[in-house]
Amino acid sequence: MARKTVFVDTSKCTGCKACTVACKEWNELPAEKTHLVTSYQTMKDFTPNTWTYLTFIEKYQNNTMDWYMRKAQCFHCAEPACLKACSSAAIHKTDSGYVVIDQDKCIGCGYCVENCPFGVPKVDEVRKKAYKCTGCIDRVENNLTPACVQTCQPGALEYGERDTLLPKAKARLEQVKKEHAQARLYGETEMGGTTFLYLLFDSPDVYGLPNNPTMPLSLSLWQDFVRPVGTFAVGGAAAAVVVGVLGNLFKGRYSSGSEKRDLSDGSEQEKGGKR
Amino acid sequence: MSPSFGRGAMTNSWSDLQNAEVFLIGGSNCAENHPIAMHWINRAREKGAKVIVVDPRFTRTASKADIFAQIRPGTDIAYLGAIINYLLANKLYDAQYVLNYTNALLKVSPDFKFEAGLFSGFDPKTNKYGVDTWSYQLGPDQKPLKAETLDDPDTVFSKLKEHYSRYSFETAEKISGIPAAKLKMIADVVAKAKPMTVLYALGMTQHTTGVQGIRAYAVMQLLLGNIGKAGGGINALRGEPNVQGSTDMANLFNNLPGYLPAPISTDKTLRDYLVRNGSIQEKPLVALLKAWFGDQANKDNDWGFAFLPKLNPATNATMVKVFELMEKGQFKLLFNIGSNSLVSIPNRQLVRSALTKLDMMVISDLFEVETAQFWREPGVNPADIQTEVIMFPAAFVYEKEGSLTNSSRWIQWKDAAIKPLGEAKPDLDMLDALFKKVRRLYAGSTAAKDAPILKARWNYGEEPQALKVLQELNGYDERTGKLLPTLADYLKAPVGSVSTGCWIYAGVTGNGNLAARRGNTDPSGLGLFNNWSFAWPGNIRILYNRASCDLNGQPVDPKRKLIWWDAAKNLWVGNDGPDVVDKTKAPDTPEGKLAFRMNPEGVGRLFAAKYMSGLPQTPPADSLPVIGIRPAGLCVDGPLPEFYEPIESPTVNLLHPLVSQNPAALILSGSPGIQKRGKPEDFPYVLTTYGVVEHFCAGGVTRNIPWLNELMPEPFVEISKNLAQKVGVKEGDKVEVSSARGKVTVYCLVTDRLQTYQVNGKDTETIGMPWSWGFASLSPGPSTNELTIAALDPGAGTPEYKVCLVNLRRA
């Protein structure tokens, strides 16, 4: 199957949140208790039951108001940190570019949570499983478009083959740039090129996204050195202990490295804390 | 719209929005309240179209705008007047269009005056206008006199020029708070890029000057030559999926289906009715009576005219008025179907008090909405309430078959997806059972008042079928019992030989159920989709499309060809159905030129004059009142739009301080204890109210859907950062908002999307609140209509939800 892409054109998004409902409906996810966080945003972060939500960023300068709306969900990276981090080989990547958690294999260890540069997966502490956007793999493998794309009325979401959509996204960018000089694509090269490709009005950090998302260093150590050795020498369980220690060691770096923990909703979390 | 163009409907369609070069979105937050609009607007934006949004708040729609102007709520006519003035003063109008397709050249009566804020004919005792002076100078043939040039001092055009000469950008800035430079920028864009379309919704209508605001759009669009064209028009976005359909079916109190005027108490006979409304209404009214009463309506009994209820014109029974009368004890029973009045009517105290005066209320809804349980609202003692309340479980939209008519006038059929749950019933089943039962109870009665019930032709089947209703609306040839194939068959049939339940729907089921058509091809690429459902009238997709052609009948916009005159065939043809008097009449014939055939003058009306076409040249010998052909639609508060302040306003009218507000506005006055009016000293801030995309109207359905509640879990008030600082509140605080009529406590959003602005040199604040909450449901919250005022537009009866005065403090 050719590489797929969902082009998220935020210049067309009207923040209607229908994608959130479509996602919950298709995936049979329950509603959660929410409050206004800031602006019209009511979901602070991903949860095991919220795989996509809208962020609202208000920016006022030079007597001009900008209100940026962005649909957040798993980016489905070409080089997924979660996959590399997974202790139970529960995460795999499809040829079409989807990054999928196999719930039968997931043990809820949370390494994917720790290592995703976008803070996407969340572990359900009761079920001991990690959850995130599946990209509606069950729909697209049956020739349907993802639920969010299907429902998007303003046409901000478009699903198709990457080879078709990437040039289209670039052409749209040129058009948008005439009025918004800072506009750019996000996900063309980030994390090896993400399946969800964004057109943003401004730099990623304005949206609370990492400007240069990367694979955590500890993860390279784990994947490329510790795990092969550990698995060979003392078995998986012991290796997990080792990586736990390493994880703690590197954690300091995660928090201070603004890009890595500065999730898509980072700014809102701060404001949300007022409640 | 009707007094301007002849039909009270959105001129173009959703899918036509893709053809616009410029959008003026004023009084509509379509991204939130009509999300599908953005689908087509985004297509136009992709092609380079520009979007102008004028709104009291920076909305989700505004986030997609190229130009945004924050306006003080209720001052639209001030800025539109300034744009009209600019177009006229700088000759930026479409001269050919104005000369040929508007009433610009017609001469206005010398008795017409506008002085110190009042049009001629005002009666201060009744607060109503006599409209006789708002007329044309008539020739001996009883037709309006036409001047040689626009500059003739008597012309509509000269009156227009004079009227709007008072509206400069600077004056408009002082009134509206929009900087003059920005207004000029908007005017320049509007004047140059064509076609431009206007989108409006409740932001424009929910004012005591609602009708006149739309008229201002009409005047501007006629001057610019944007009506009747693909990508142009005035698009009145209808609130619910079937608002257009329900309006077609006469949900306005003074209509009968198909926009026929309702008879009034002085209409003793059909002739009396025709004297007032013109002979043009004879056929549709008789066809309606035939649809309702069949053979029981015949020539011998005046076509059953006596069966129709007659309005008391002094009562003006709009929705709010009904509750006012109910509060006075005039009603015993309220049958409340799908309306959550206790949340949605302005000044909730009125509804709260009125419902207690009923003997019984029957409520049909999906959920036990606030209105259904008014007797146990917090603070109310159920023992004090005598009203008996009966709840009918209603079927949801997906549980019943039928048609919905959207803003594009597309009558779209749908099947039931699932059977109603539990004991729920579709409305049709409920009303059918109720009527049959009532009729049995009246059996044998000889009282005249019971005749309509006993003689009605009620035949939708043992198990009622919605298709039979649609077929009744389509109409039958009563001589053969066959469905009318097309609108043309209805039009050419003799009076009394055909029936239609709604004449504009003729043709919808004549050749199969065309409302169920789903052909989604679009050969012209103009978004006409002629084979998708059926658009009234006669499947015309863009109204007044004759105006898209020049005098020779050829399209003026080669990229957007709707119709044209085919000289070889001697016929109007095209991509769309031609909206012409007669398809065989050439463009140079008197009929072939008429672009607005539903108006008695046949042209678009810049000046909404009183006029009846077809009056005889000499009085008839029998000395009976004469019957003309077609009367013009009138606005009861003036032939030209004039700016008036809202009923509760932070300032006085800069143009005429002594007549600050619309002198004809209807203000609930019979209950002074309920309807108090606030002064700016006590209530310094301007409140505007609205819906949000996450909830629908009064929230009766949506607040019971958990997935929507998590998207917008609570009501809020939005305020500017300046105001937050001034009153000492921050985002997330609870604040109390109060008006002269009530107070509520809600969550506070502090935002840059509202800015402090200047009104006549004084800092002014607008605050915003959504209104979709009430005390019941899975997501209860205070109702904003606790604060609003029951003041109504005199023509449409629409309440001024969009403006009232409030105060705000930390709770």
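How many residues does the contact take from chain A and how many from chain B? The contact takes 27 residues from chain A and 29 residues from chain B, where two residues are in contact if their C-beta atoms, placed from the backbone, lie within 7 Å. This is a predicted model, in which local features need pLDDT of at least 70, side-chain atom pairs count only at pLDDT 80 or more, and totals for chains, interfaces and linings use all residues. Residues are numbered from 1 along each chain as its sequence is written, while chains are lettered from A and ligands numbered from 1 in the order in which they are written.

- On the side of chain A that touches chain B, α1 (18–26), β2 (53–61) and β3 (64–72) of chain A are the elements that give two or more residues; helices (H or I, at least four residues) and strands (E, at least two) are DSSP runs, numbered from the N terminus.
- α1(A) provides the largest share of that side, 4 residues.
- The residues of the side of chain A that touches chain B divide into 9 nonpolar, 10 polar and 8 charged. Here Ala, Val, Leu, Ile, Met, Phe, Trp, Tyr, Cys and Pro count as nonpolar, Asp, Glu, Lys and Arg as charged, and the others, Gly among them, as polar.
- A:N62 is found in the loop between β2 and β3 of chain A. A:N62 is not a glycine, yet it has a positive phi of about 50°.

**Domains of chain B**

- The domain assignment, which is automatic or from a database, gives chain B domain 1 (2–241), domain 2 (245–308 + 446–514), domain 3 (319–400 + 421–442) and domain 4 (657–810).
- Between domain 3 and domain 4 of chain B, the C-alpha centres lie 26 Å apart.
- In chain B, 25 residues of domain 3 are in contact with 27 residues of domain 4.
- α14 (319–327), α15 (341–344) and α16 (348–355) of chain B each supply at least two residues of the side of domain 3 that touches domain 4.
- That side of domain 3 of chain B consists of 11 nonpolar, 6 polar and 8 charged residues.

**Helix pairs in chain B**

- The axes of α14(B) and α16(B) come within 8 Å and cross at roughly 45°; axes are lines fitted to C-alpha atoms, for helices over the stretch in contact, and angles run from 0 to 180 degrees between N-to-C directions.
- That angle makes α14(B) oblique to α16(B), since angles under 35 degrees count as roughly parallel, over 145 as roughly antiparallel, 65 to 115 as roughly perpendicular and the rest as oblique.
- B:F323, B:E324, B:M326 and B:E327 of α14(B) make the contact with B:L350, B:V351, B:S353 and B:A354 of α16(B).
- By class, the residues of this contact of α14(B) with α16(B) are 5 nonpolar, 1 polar and 2 charged.
- Helix α4 (residues 76–89) and helix α6 (residues 156–164) of chain B have axes that come within 9 Å and cross at roughly 125°.
- The contact is made by B:G81, B:I84, B:N85 and B:L88 of α4(B) and B:L160, B:K161 and B:Y164 of α6(B).

**Sheets**

- In chain A, 4 strands form an open sheet of mixed pairing in the order β8-β1-β10-β9, and two strands pair if DSSP finds at least two bridges between them.
- The edge strands of this sheet are β8 (157–161) and β9 (184–186) of chain A, and each pairs on one side only.
- Strand β1 (residues 4–9) of chain A pairs with β8(A) in the antiparallel sense over 5 bridges. A:T5 has A:G160 of β8(A) as its bridge partner.
- In chain B, 5 strands form an open sheet of parallel pairing in the order β3-β2-β1-β8-β9.
- Strand β1 (residues 22–26) and strand β8 (residues 196–200) of chain B run parallel and are joined by 4 bridges. B:I25 stands opposite B:L199 in β8(B).
- Helix α10 (residues 210–224) of chain B lies across β8 and β9 of chain B and runs at about 175° to β8(B).

**Cis peptide bonds**

- Most residues other than glycine have a negative phi, and most peptide bonds are trans.
- The peptide bond from B:K194 to B:P195 is cis, with omega near 0°. B:P195 is in the loop between α8 (180–192) and β8 of chain B.
- B:W536 and B:P537 are joined by a cis peptide bond with omega about -10°. B:P537 lies in the loop between β20 (534–535) and β21 (563–566) of chain B.
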